[in-house]
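Here is a friendly note to read beside the model. Please keep the 3D view open and find each residue as you go.

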Amino acid sequence: MKKTIFFLLFFVSACCMAQDEKEAEGVIRRFAGREIPMHLALSLKPVDGCDQFATSVKNGKLTIKGSSGVALCRGFYEYVRQHKTGLCTWTGKRLSLPQRLDDQSTTRKVSPYKHHYYLNVVTYGYTAPYWDWSRWQEEIDWMALHGIDMPLMLVANEAIYTRVLKRMGMNEADINAYFVGPAHLPWMRMGNISGIDGPLTASWHSNQIALAHKILARMRALGMKPICPAFAGFVPQALQKLYPKARITETSWSGGAFHNWMLSADEPLFHAMGKLFVEEWEKEFGKNTYYLADSFNEMQLPFGKGEDNEKHRMLADYGQKIYSAIADANPRAVWVIQGWMFGYQRDIWDDASMQALLSKVPDNRMLILDMAEDYNHHYWRNGANWDFFNGFHNKPWVYSVIPNMGGKTAYTGVLEFYANGRLKALRSPHKGNLVGYGMAPEGLENNEVIYELVADGGWTAGPIDLNTWLADYSECRYGRPCSRLGDYWRGMLASVYGSFTDHPRYNWQLRPGSNVKGTVCFNDSLFAGIEAFAAAAPELNASALYQADLIELTALYAGAKMEILTRQIARPYREGHTSQAEALQRTFTRVALTTDSLLDSHPTLRMDRWIAYARKAAGADSTLAAQYERNARRIVTVWGPPVDDYSARIWSGLIRSYYLPRWQHYFESLRTKQPFDFKTFELQWVASTHNLGARRPVKDVTATCRRLINECKEIKEPESR
């Protein structure tokens, strides 16, 4: 009998390993296409602890042994990168392997981290709210190749929550009055907002459940450990009608502009709903280990202003009750919490308060995402969280950065820090139980070099030589070395990639006014660097990725010059030199529209692409498609309003139909001395589904980019900025 059980377990284990190898091979084949070596052998060798892989080539056969499906994919990707034969990015892929691989002795690599974390709660609003399975498959492939094994997976949260609320007795009308549009769901989940651009339909829920099944199946088959949602305590106000004695507190966010409602963790109803949520999730999607619940995101504590001892007691009870609601449904579950608030709100979260929140949760049943070390270091300058909070008091935690806010596409970020800032944590005597590493961008499909660099850091125990890394990255991306790119990178490192800006936006992406200033770090070094990149066209123009990057960098160059022009135009209008102002305004309009046309030729930086995802999610329902389009338009412009222009994108369609007209109206108001109602214009734009204009991609990308750069060279800063 024992032998039978042993062989049965061995057979099941072997089948699972074969499936993981098959899934890893699928990722590699989708990346490689016809370029995959004819002789490729993948071998799964699970280990305890940190992921690892080994690659070797013998008689032209590439063998990869890895501890998980993700490790196998990462092993293949590192082999490709090591030989400078390709790159996988959101903008596009390149792979050019030789027909026969040269023999290579075994190369082994062990990650210094057990977990490789990825995504942010709000990525599900700023980038992924309307993704279909095709786009999700691409992203999961990207994760696997970049060695990411712990993604945040929040698809279908509302479908499960609807079941819970109905079990509590709520009707569909009250639930729908609470829910928000798909792009705003992250902030409803964190208790910040309610009621914007809803309701959600039954078809939305069923489609999201079907999508989540596909996502989770693929993630798990690759050996990933998805973090799924749990109940954090936020409820519709209408729940009070069914439970009039329950303590439900109204929450506010963004200076009181938005509201939600929070059920007290002391209520038996809190435990019942939290337990039921996990049960319903696992009934639908199977057992999971990691569950995210955030109850205090950018909010004041709901405990009044009592003595610290009482505050700490209540925090301890609150943490224990969140955890117990999850654990009573799944005793092996781990409560995951975002650590953004610990750095962002140090006025609330001192060490004693944080320790209190965690104190009644078993150490091995909690995971803290220390999300924003780049903000601690470069923006808040308030010291590392692991130092300030004494290694998080032995709770397992993940070192992470936030390379993007709001999906903005302008460049920012200190590349040297993203290469080697992690070493401070790895080597710190106060690092505590550091178990993971990752990145939590609010929006994707931007600043691709940063994500490649951060991902490499997750598989590197020692320092990365940035200059060498950038040269290798460029050759992987464009297919050949080019000496001019050294000047390009020097210019970028002396401007946008040598500085950290919280919200990089040009002033023309903001509502016009006399004192509007942009925050992109542009200077002569940036201009010189981009000019050097454009000058590399004769050597690199055959590369599709080079052409896409040339478009993006030309838009960055022109965007800086447009900001300079706004100041040059405003002064003569105010001083009554109308003809001078009008001539400058014609230049501004021409540069903006040419930039827009260039971006129409880019694979991703287009408003029509964003809207197409939203409308496709509605299926054949034209009314729902219009609702989703309005929601997609809102999140990247007025947001609510307010939070206006937070998610500023340098996108075609958005420039020609939104940013440029706003500034044209502003200049006209300066000329006529008549005020313009910007708020009405913005809301009308959000409500419209027919004012984007047709795409006008250029015929010759390189020639157009070089002409635009040459024209913009003549635009200089006014004497007083």
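1. **Before you start.** This is a predicted model, in which local features need pLDDT of at least 70 and side-chain atom pairs count only at pLDDT 80 or more, while totals for chains, interfaces and linings use all residues. Residues are numbered from 1 along each chain as its sequence is written, and side-chain values use heavy atoms, with hydrogens and water left out.

2. **The core.** The largest nonpolar core has 258 residues. Such a core is a set of buried Ala, Val, Leu, Ile, Met, Phe, Trp, Tyr and Cys residues joined through side-chain atoms within 4.5 Å. Buried means under 20% relative accessible area, exposed means over 50%, and partly exposed is in between (1.4 Å probe, protein chains only). Trp136, Tyr161, Met273, Trp349, Trp489 and Met492 touch the most other members. Helix α23 gives the most to this core, with 16 residues. Helices (H or I, at least four residues) and strands (E, at least two) are DSSP runs, numbered from the N terminus.

3. **Helix α20.** Which residues of helix α20 are buried? In this helix, which spans residues 484–493, they are Leu485, Tyr488, Trp489, Gly491 and Met492. They cover an arc of only 160° around the axis, so they sit on the same side of α20; the arc is that of the directions from the helix axis to the C-beta atoms. An α-helix has 3.6 residues a turn, so residues three or four places apart point the same way. Among the elements covering these buried residues are α16, α18 and α23.

4. **Leu434.** This residue is found in strand β16, residues 434–439. Leu434 counts as buried because its relative accessibility is 16%. Its contacts (heavy atoms within 4.5 Å) include Tyr113, Trp397 and Leu426, leaving aside residues up to four places away in sequence. Leu434 and Tyr113 are 321 residues apart in sequence, yet 8.0 Å apart in space, C-alpha to C-alpha.

5. **Asp294.** Look for Asp294 in the loop between β12 and α11. Asp294 is buried but has no salt bridge, and the nearest side chain of opposite charge, Arg189, is 11 Å away. Lys and Arg count as positive and Asp and Glu as negative; His and the chain ends are not counted. What does the side chain of Asp294 meet in a polar contact? The partner is the side chain of Gln338, at 2.8 Å. A polar contact is a pair of N or O atoms within 3.5 Å; within protein, one must be able to donate a hydrogen and the other to accept it, and residues adjacent in sequence count only if both atoms are side-chain atoms.

6. **Salt bridges.** A salt bridge is a side-chain nitrogen of Lys or Arg within 4 Å of a carboxyl oxygen of Asp or Glu, and by this rule the count is 47. Lys321 pairs with Asp266, the closest N and O atoms being 2.5 Å apart. Lys321 is in helix α11 and Asp266 in the loop between β11 and α10, so the pair ties together parts that are 55 residues apart in sequence.

7. Asp596 and Arg656 form a salt bridge of 2.4 Å, N to O. Asp596 lies in helix α24 and Arg656 in helix α27, 60 residues apart, and both are buried. Elsewhere, Arg74, Glu78, Arg81, Lys109, Glu452 and Asp456 are linked in a network of salt bridges.
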